[in-house]
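Please open the model in your viewer and keep the selection panel at hand.

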Amino acid sequence: MRLINRPLAFILAAALIAASIFLIVEVVAFEVHTTSPLLVHWTTWYHWARQTRWDALVVRVWSVILIIAGILVLAIELKPRRVTRLKLRSDDQATDAAMTRGGLAGSLRAAALDIDGISAAAIRVRRRRARITATAAARGRAAADTLRQPVTDAARRRLDDLQLHHPPRLRVRVNPRSR
């Protein structure tokens, strides 16, 4: 979300600066007694606003639309960010160390590929769960099933070595090699 927030904040700031400049130019022109607006024909909006009551249908509809848009933006911004860093345990309280989910996935992939008989591994790391889908070099289901426990043990050892504050639960699946 941070990637979206920065360009949107820049666009909003630029729009507010442009609107402020237009407003300043129009106010100065009005005070100098210019007969017509210079940049924006605001007098028609002004006359419409003077004739329209606050309880008019158009005002109510636009109010509801803007309130719903504001609530949506607020809900999106208040939604907790996705956890991308997993905290590591440390003996020193002044140390704040963490590992990215991508880094943990690479480490678990390396642990799985170190097992003899595993030719490929796909890792998916979530906040509370890590799923390892390994591919055995052999074609038979029995050979793949015998590799499940070594892959699980290697991944668990790697998680223990990393000393994560809240290590994810492991889910390991070993598929036989397809043709």
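Two strands count as paired if DSSP finds at least two bridges between them, and helices (H or I, at least four residues) and strands (E, at least two) are DSSP runs numbered from the N terminus. This is a predicted model, in which local features need pLDDT of at least 70, side-chain atom pairs count only at pLDDT 80 or more, and totals for chains, interfaces and linings use all residues. Residues are numbered from 1 along each chain as its sequence is written, and side-chain values use heavy atoms, with hydrogens and water left out.

Select strand 3 and strand 4, which pair in the antiparallel sense over seven bridges; here Arg 124 stands opposite Arg 131 in strand 4.

Next, select helix 5 (residues 141-162), whose 22 residues reach 32 Å from the first C-alpha to the last. Its buried residues (under 20% relative accessible area, 1.4 Å probe, protein chains only) include Ala 144, Leu 147 and Val 151. Beyond the helix comes Gln 163, with a positive phi near 55 degrees.

Finally, select Ile 132, which, leaving aside neighbours within four places in sequence, is in contact (heavy atoms within 4.5 Å) with residues including Ala 112, Ala 122, Val 151 and Leu 170.

Conventions. The expected span of a helix is 1.5 Å times one less than its number of residues. Buried means under 20% relative accessible area, exposed over 50%, partly exposed in between (1.4 Å probe, protein chains only).
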